Amino acid sequence: MIRIFKTNGILQIVIILAVSVAVCGKNLITPPEMACDATCGPIYLLLHKILSGSPLIAAILALLLTLTEGYLLNRLLYNKGLIPLNSLMPTLLYVMLMGVGVETYGLSPALLTNLWLLLSLNSLMPKESLIVPENCIFNTTMWFSMAVMTWLPALFAALPIIAGLLSYKVYKGREWSVALLGFLALIIIVATILFLIDRMDIATNYAVSSIGELHIFCDTETLAIAETALFAIMAIYCTISSVSGLYRNTIAQRRHGLVIVSMLVYSLFSLFYTKLMPINAQPFAITVATAGSICLLGRKRRLWIYDIAMAILFFLSLYSYL
């Protein structure tokens, strides 16, 4: 499997499409209802209002969005020099991870949030230098604001994004003013629209009721514990392996890798809004797919061991889905 994703472009596409159909094909036959709870922000609620009566369209959009996000992650890692080959391995891992631990492979706030976070990371990370232009700083925080207005746990991504801005030498007051303006621009627009239509209660309820959603749900069944443990072992190994291998890269590439890996902060805090066992891997998908791609594409020996790990990940996604 890994050899294929190092050499053959056509087979890569075929495998990704086959995995996508295997994992989410059932939802195209019996489409699930769209998720909706107190952590869903105004942007997702608008989408829910439009598509909740058309579950098939929502399921198709979820599949297309997953593949699009996988491709965006792929281009991000390749353009920033974090993977040595123009391989579709990140897309494959992303598609499988988005199915681990979720009851339905449909349109969800976490899925849409990942799109905004990928766009934010792409704006944040310069290709070679360590200087982020002001327009990119604005775009970074604007996309982050989109994520927060889609799903409340995305607020925790502020920590790695701020750390990333600092690592790219964003020190001046003018630059931080641009960052703050980018974050507030969308919030001001949404608040103005809600005020004009006399629905400010939506924003108030979003901020207040979501606090009551703080919890960590743990399923003590053996299979749930095993699923979480297997995912955690894979994620920890890939993260450590990828970080330890970044020293061979340029300074810019090392910082790119560390910024994406630091998104684990957002992923771990999101557990207070999702569940610990069985784990919902969707908030982890960007980071783990990145670490897994760097780890797997750098391997040259004993590839059969890593092929087995890929097969286990695939069956984890199928188990959660079935």
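The model is predicted. Helices α4 and α6 pack at an angle of about 20 degrees. Helices α7 and α9 cross at roughly 35 degrees. The structure also holds two cavities of 30 Å³ or more. About 500 Å³ of space lies in its largest pocket.

**Helices α4 and α6**

- Helix α4 covers residues 55–79, and helix α6 covers residues 109–124.
- Their axes lie 10 Å apart.
- Angles under 35 degrees count as roughly parallel. The angle here is about 20 degrees, so α4 and α6 are roughly parallel to each other.
- The crossing of α4 past α6 is left-handed.
- On the α4 side, the contact is made by A62, L65, T66, E69, L72, L73 and L76. On the α6 side, L111, L112, N114, L115, L118, L121 and N122 take part.
- Sorted by class, the residues of this α4 and α6 contact are ten nonpolar, three polar and one charged.

**Helices α7 and α9**

- Helix α7 spans residues 134–148, and α9 spans 173–196.
- The axes of α7 and α9 come within 7 Å.
- The crossing of α7 past α9 is right-handed.
- From α7, the contact uses E134, I137, F138, T141, M142, F144, S145, M146 and V148. From α9, it uses R174, E175, V178, A179, L181, G182, F183, A185, L186 and I187.
- The residues of the α7 and α9 contact divide into 13 nonpolar, three polar and three charged.

**Pockets and cavities**

- Rolling a probe the size of a water molecule over the atoms shows where empty space is left.
- The largest pocket holds about 500 Å³ of space, and 22 residues line it.
- Nearest the centre of the largest pocket lie A35, D37, S108, T274 and N280.
- The lining of the largest pocket has eight nonpolar, nine polar and five charged residues.
- The second largest pocket holds about 370 Å³ of space, and 13 residues line it.
- Nearest the centre of the second largest pocket lie P42, L46, L194, I197 and I202.
- Helices α3 (42–51) and α9 each supply at least two residues to the lining of the second largest pocket.
- The lining of the second largest pocket has eleven nonpolar, no polar and two charged residues.
- The second largest cavity contains about 30 Å³ of space.
- The residues lining the second largest cavity are P32, E33, M34, P55, A58, A59, G106 and L107.
- By class, the lining of the second largest cavity has six nonpolar, one polar and one charged residues.

**Backbone details**

- Most residues other than glycine have a negative phi, and most peptide bonds are trans.
- The peptide bond from M277 to P278 is cis, with omega near -10 degrees.
- P278 sits in the loop between α13 (264–269) and α14 (285–297).
- K169 is not a glycine, yet K169 has a positive phi of about 65 degrees.
- K169 is found in the loop between α8 (158–167) and α9.

Terms used:
Residues numbered from 1 in each chain as written. Predicted model: local features only at pLDDT ≥ 70, side-chain atom pairs only at ≥ 80, totals over all residues. Heavy atoms only, no water. Axes fitted to C-alpha atoms, helices over the stretch in contact; angles between N-to-C directions. Helix = DSSP H or I, 4+ residues; strand = E, 2+ residues; numbered from the N terminus. Parallel < 35°, antiparallel > 145°, perpendicular 65-115°, else oblique. Left-handed = near helix turned anticlockwise from the far one by under 90°. Contact = heavy atoms within 4.5 Å. Nonpolar A, V, L, I, M, F, W, Y, C, P; charged D, E, K, R; others polar. 1 Å grid on protein atoms, 1.4 Å probe; cavity = no way out; pocket = protein on both sides within 12 Å on 5 of 7 lines; lining within 4 Å. Points joined across faces, edges and corners; volume = space filled by probe spheres on them.
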